[in-house]
Amino acid sequence: MGNDQTRQPGEEYAIEMLHITKRFPGIIANDDITLQLRKGEIHALLGENGAGKSTLMSVLFGLYQPEEGIIKKDGKVVKINDPNDANALGIGMVHQHFKLVECFTVLDNIILGVEPVGKFGLLQKAEARKRVIELSEKYGLQVDPDAKISDITVGMQQRTEILKMLYRDNEILIFDEPTAVLTPQEIDELMQIMRNLAAEGKSILFISHKLAEIMAVADRCSVLRKGKYIGTVNTKDVTMEQLSAMMVGRNVNFHVEKKPQHVGDVILKVEGMTVASHVHHNNAVKNVSFEVRAGEIVCIAGIDGNGQSELVYGLTGLEPLVSGKVELLGKDITKMPIRKRNIMGLSHIPEDRHKHGLVLDYSLENNIVLQRYFEGDFNKFGFLNKKNIREYADRLIEQYDIRSGQGAVTISRAMSGGNQQKAIVAREIDRDPKLLVAVQPTRGLDVGAIEYIHKQIVAERDAGKAVLLVSLEMDEVLDVSDRILVMYEGEIVGELDPKKTTPEEMGLYMAGAKRKEA
Amino acid sequence: MRNKDSILRKPAVQSLLTSLLCILLGLLVGFVVLLIINPAGAGEAIMDIIKNFLNYSKPATRLKNMGNTLVKTAPLLMCSLSVLFAYKVGLFNIGAAGQYVAGAGACIYCAVGLGWSWLPCMIMAVLAGALVGALSGALKAYRNVNEVISCIMLNWISLYLVNTILSQVKNPTSPYTYEITKKVVMENGAMTTVAHPGAVLPQLGINGLFNNNKYVGLAIPLAILLAVGIWVLLTKTKLGYELRATGLNMYAAKYCGMQDRSNIVLTMAIAGGLAGIGAAMLYLTGFEEWSCTQSSVPAMGFNGIAAAFLGGLHPLGAIFSSFFIQHITDGGAQLNKQVYPSEISNLISSLIIYFCGFVLFFKLTLTKWLNGRNEKKNAAKGGSAK
C-alpha cells in the first residue's frame, strides 16, 4: 500500500494524512489510510457510505484522535486537537447540510464568529462588506450580501458557505457531497467555481460518490472501501467503470434491466390536488393532476422542496388536501383514513425512514409487521401472536437479505441505513400492493443497495403494479422511470419521456426555466 | 464484541444497578444531613429509617406495622403505574396526583354520601381518574396543549373541586370527612350518620397474615395483579404495541394508520384510571379520611413519579420501588422526634427521587465506561486487531 510512488521530487503538498488508523469498538473505521492533497489541485475522495470518509474528515478536523498516523501541513507535522486548530491551519469545509443562520443575511453569516468589531464593541460591517464583494468578484461567486438566507436559492446558499471559507483565508477547502442539492445548471456553475479556486492556488478536497462529477472536475482521486485505502489515481488515466470497480470492489451494473412495458388500467388518479405548506404561508402543491397506470413507473422529478413531499403526504393521507380529489382503483380516497388506504393496496416507502418509516427503538420484527400487526395472522383476542410475527419476519429477512446483528430481534436503530431501508422496502412490497409510492428510496445508500432497491421496484412494475417514484437523483429518474413528471414550485411543469429527454432538458424544467404550454 | 462484561450492558441489569445506586446516594446524603443536625445519634437514626417496622421487637407488632406500610404501598404503586404507563407512550403524566384526588373524591362521596358498596365506589374512582386523565389527553391530542401544563392545572382544579364536594360529607367537628364505615343520612332536616360497613374493601383473610391489621385486604393483591396486567398490556397485546409505537415515534404510528390522537386520549384515560383506583385502594380501607381543608395536592401522585423512575420504568420494578419508598417514608416516623424532625425521611426519599433523575446519566456513564475499557483493551492488543 505504498504512497511514495505517487510522490514526485520537489513537489509540495498542502496537507498530508499519512497512515491514519482510527478504531472504534468492533470496527476499524480507518485502516492505514493515506491522503495527500497537492497545492492547487482538485482531489476527489471517493467511497461508499461507511467507507470511512466521514471518519477521516473528523480526524482532519480534530474531532477524533487517530491511534496511528500523522498529519502534515506544508510538510510539517501538525497536531490537530479540535476544529479551532483546523481553522487556524486554514482548513475549511462546506458541509452537505449547510450551517447557515436562516434569518440572517448573507453578509452576517459570512462574518459570523469573526465579526470585525470596532470601538465600544460595535460591528464594523462596511469593511467586511467590501471584502465580501471583492472576494465574490474575484472567484465568480455571485451573491447578494444583504439578502436573507431564507430567501435565496440553495445554490446561492452554497456560494455563501464557500465565501465563508474564503473570508477566513482558508487555503484548504473541503466540499462534502456538494452537488446533492443542486440542479444540473448549478452543478456546472459549481464545477467552474471549483476550477477558479484551484487556479487561484486553493487546494480542494471533493468528497463525492458521483463518478461523473469526479471525472469532470477532479485532477486526482483517492478511493476508500470499507475503511481501507484502495489507491490514488489520476482521473485522466482511468474510466468511470474502473473507478466504480475500485469503490465497490466488483463491477456494478449501472443500467437497470427492464422488461418491455405492459401498461394496464389507471390505478391512481389525482385531480386538482392542492396541499397546504407548513413552511410557508401558501400552498406547497398547487392544483396538480396526473394518473399512474398499472405496469408503469411514473417519476416525480424536481429539486428538493418543490412540493414533492407534500404531494406524497396528500396522496397517502398524512396531510389533508385543501382541494382536489385522489382516486385509487376508481374509488375516491380523498378523505379515507390512512389504514384503509393501506389495506386497499397502497404501499408507501417514505422519504424519511427515521421519521415515518420505522419505530427505531422497536425490534426489526416489530417494524416488519408495522403495516400488518392488526391482521388475524398476527394477533388473537388482542394479544400479539409472537410466533407468527417471528416466522414472518424471518422469511422477509431471508428473502430480502436484510442484514442485522441479531436477526429479527435486533433493535432497528442499531442497523445500517441500507438495511433499515431494505426492511422498509421488504415490508411495503411484500404486502402485494396495487400502488407503490416510493419517495427517494435510495437516499444515502451505497451503490450495492441502490442497485438492489432499483431491481425490486422494477420487479413490481414488471409484475403489473403501478409505481410512483419521487426522486431527486437525475440518474435514478432517467434509469428507472417510464414517464417523468417534473415539479417546480408546487406545479407539474413538464412531462418527459426518459428515452428522449436529456439531463440538460430536465434541468431546465427543474429550475423553472422552461415549462410545458398550458 | 462479546466480552464477559457484557452482562453489565443488559438494560435490566443496568436499571437495577442504577436504582440501587440512587438509593445508596440518597441514604448517604440523608445520613450527612442527620450528622449535621446531631452527629451523636445519626448512625442509629439512619438505621431506624431503613429498618422501619423492624424496629419493633415483637413479631406481632412488626407484622401489623408492615401491614400499614403495605396499605400505603398499593396506592403508591398505582400512581407509579399511572406515570410509567403514560411515559411508555411518550407522555409525562405529572397529573397522576390530580387523577388520584379525583378518584379519592369519587369513592369517598359514593361511599359516605350515597351509601354505595365498595365495588361501585371503586369503579367510580376509576372513572373519575380516567376522566381527568382523558381531559389532559384530549387537550394534547386535539389542541396540542402540553400535557404537563394541563396536568398541573388539573391537579389544582381537582383538589378544590374535591374539597368542595367532600365538604358535603364532612364531620362538622373536624376538617375530615366521616369514616368510610359510616354513611350520611338526613334525619329531621339534620345531617347524621349510620353504620355502613359495605363500602370497606374486603379483607379476604389477608389481614390474618398481618396480625389482624384491619386495613390490609383486597387492595394489595389487586395492585400487584394490575402491575402484572399493565406489563402484559404493554408488551404482549396489540393495543400495547400500538401505544408504544405511538409513544416512540408518533410519525411512524400515523404513517402506518394508527389512530395517534385517540391513542393519546386512551393512554391518558388509562393512566388516570390507574391513579383513580389507587385512591380507592387507600380511602376504601378506612386507613385515613380526607381533609377538606387541605391546600396542597396529596404527595401520593408525585411520589408515583419517583417510584416509576426508581423502578426502572418497568411495571414489575415499580412493585419493589413503591414498597421501598413507602418503607423509608414510614421509617421516618421511627425517629426520635426530640432530636430529628420526622421530615428527614421525606428528605431522603426526595433525595433518592432527585438522584433518580440521574438514572439515565448513570446508565450512559456506565456504558461509556464499558466502551472506554473495551477501547483500551483493543488499543493494548494493538496490531493484533488487524
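How many residues of chain B are in contact with chain A, and how many residues of chain A do they meet? In this predicted model, 21 residues of chain B are in contact with 27 residues of chain A.

## The side of chain B that touches chain A

Helix 8 (238-248), helix 9 (250-255) and helix 14 (359-381) of chain B are the elements that give two or more residues to the side touching chain A. By class, the residues on this side of chain B comprise 11 nonpolar, 6 polar and 4 charged.

B:Ala245 illustrates this region. B:Ala245 belongs to helix 8 of chain B. Leaving aside residues up to four places away in sequence, B:Ala245 touches A:Val359 and A:Tyr362 from chain A, together with B:Ala252, B:Ala253 and B:Met258 from chain B. B:Ala245 has 26 other C-beta atoms within 10 Å; the threshold for a buried residue is 20 or more, so B:Ala245 is buried. Between the C-alpha atoms of B:Ala245 and B:Ile328, which lie 83 residues apart along the chain, the separation is 36 Å.

B:Asn374 is part of helix 14 of chain B. B:Asn374 counts as partly exposed, because it has 17 C-beta neighbours inside 10 Å. The C-alpha atoms of B:Asn374 and B:Ser322 are 36 Å apart, and the two residues are separated by 52 positions along the chain.

## Overall form of chain B

Chain B contains 14 helices and 2 strands. Its radius of gyration is 23 Å, close to the 21 Å that the globule rule gives for 386 residues, so chain B is as compact as a globular protein of that length. The C-alpha trace of chain B spans about 95 × 65 × 35 Å along its principal axes.

Of the 386 residues of chain B, 48% count as buried. Among contacts in chain B with a separation of 6 or more, 73% are accounted for by residues 24 or more positions apart.

Two packed helices are described by the angle between their axes and the distance between the axes. Two such pairs in chain B are described here.

The axes of helix 4 (residues 96-113) and helix 6 (residues 147-166) of chain B come within 7 Å and cross at roughly 20°. Helix 4 and helix 6 of chain B are therefore roughly parallel to each other, and their crossing is left-handed. Helix 4 of chain B contributes B:Ala97, B:Gly98, B:Val101, B:Ala102, B:Ala104, B:Gly105, B:Ile108 and B:Tyr109 to the contact, while helix 6 of chain B contributes B:Cys151, B:Leu154, B:Asn155, B:Ser158, B:Leu159, B:Val162, B:Ile165 and B:Leu166. The residues of this contact divide into 12 nonpolar, 4 polar and no charged.

Helix 3 (residues 59-88) and helix 11 (residues 300-310) of chain B pack at an angle of about 65°, with their axes 7 Å apart. Helix 3 of chain B passes helix 11 of chain B in a right-handed crossing. From helix 3 of chain B, the residues taking part include B:Pro75, B:Leu76, B:Cys79 and B:Tyr87; those from helix 11 of chain B include B:Met300, B:Gly301, B:Ile305 and B:Ala308. The contact of helix 3 with helix 11 of chain B has 10 nonpolar, 5 polar and no charged residues.

Apart from residues up to four places away in sequence, B:Cys22 touches B:Leu310, B:Ile352, B:Phe355, B:Cys356 and B:Val359. B:Cys22 and B:Leu248 are 226 residues apart in sequence and 26 Å apart in space, C-alpha to C-alpha.

## Positive phi angles

Most residues other than glycine have a negative phi. The following two residues have positive values.

A:Glu489, which is not a glycine, has a positive phi near 45°. A:Glu489 occupies the loop between strand 21 (483-488) and strand 22 (491-496) of chain A. With 15 other C-beta atoms within 10 Å, A:Glu489 is partly exposed.

B:Leu204, likewise not a glycine, has a positive phi of about 55°. The loop between strand 2 (190-195) and helix 7 (219-236) of chain B holds B:Leu204. B:Leu204 is partly exposed, with 14 other C-beta atoms within 10 Å.

Technical notes:
Residues are numbered from 1 along each chain as its sequence is written. Chains are lettered from A and ligands numbered from 1 in the order in which they are written. This is a predicted model: local features need pLDDT of at least 70, side-chain atom pairs count only at pLDDT 80 or more; totals for chains, interfaces and linings use all residues. Two residues are in contact if their C-beta atoms, placed from the backbone, lie within 7 Å. Helices (H or I, at least four residues) and strands (E, at least two) are DSSP runs, numbered from the N terminus. Ala, Val, Leu, Ile, Met, Phe, Trp, Tyr, Cys and Pro count as nonpolar, Asp, Glu, Lys and Arg as charged, and the others, Gly among them, as polar. Axes are lines fitted to C-alpha atoms, for helices over the stretch in contact, and angles run from 0 to 180 degrees between N-to-C directions. Angles under 35 degrees count as roughly parallel, over 145 as roughly antiparallel, 65 to 115 as roughly perpendicular and the rest as oblique. A crossing is left-handed if the near helix is turned anticlockwise from the far one by less than a right angle, and right-handed if clockwise. A residue is buried if 20 or more other C-beta atoms lie within 10 Å of its own, exposed if 12 or fewer, and partly exposed in between; C-beta atoms are placed from the backbone. The radius of gyration is taken over C-alpha atoms; the globule rule is 2.2 Å times the number of residues to the power 0.38.
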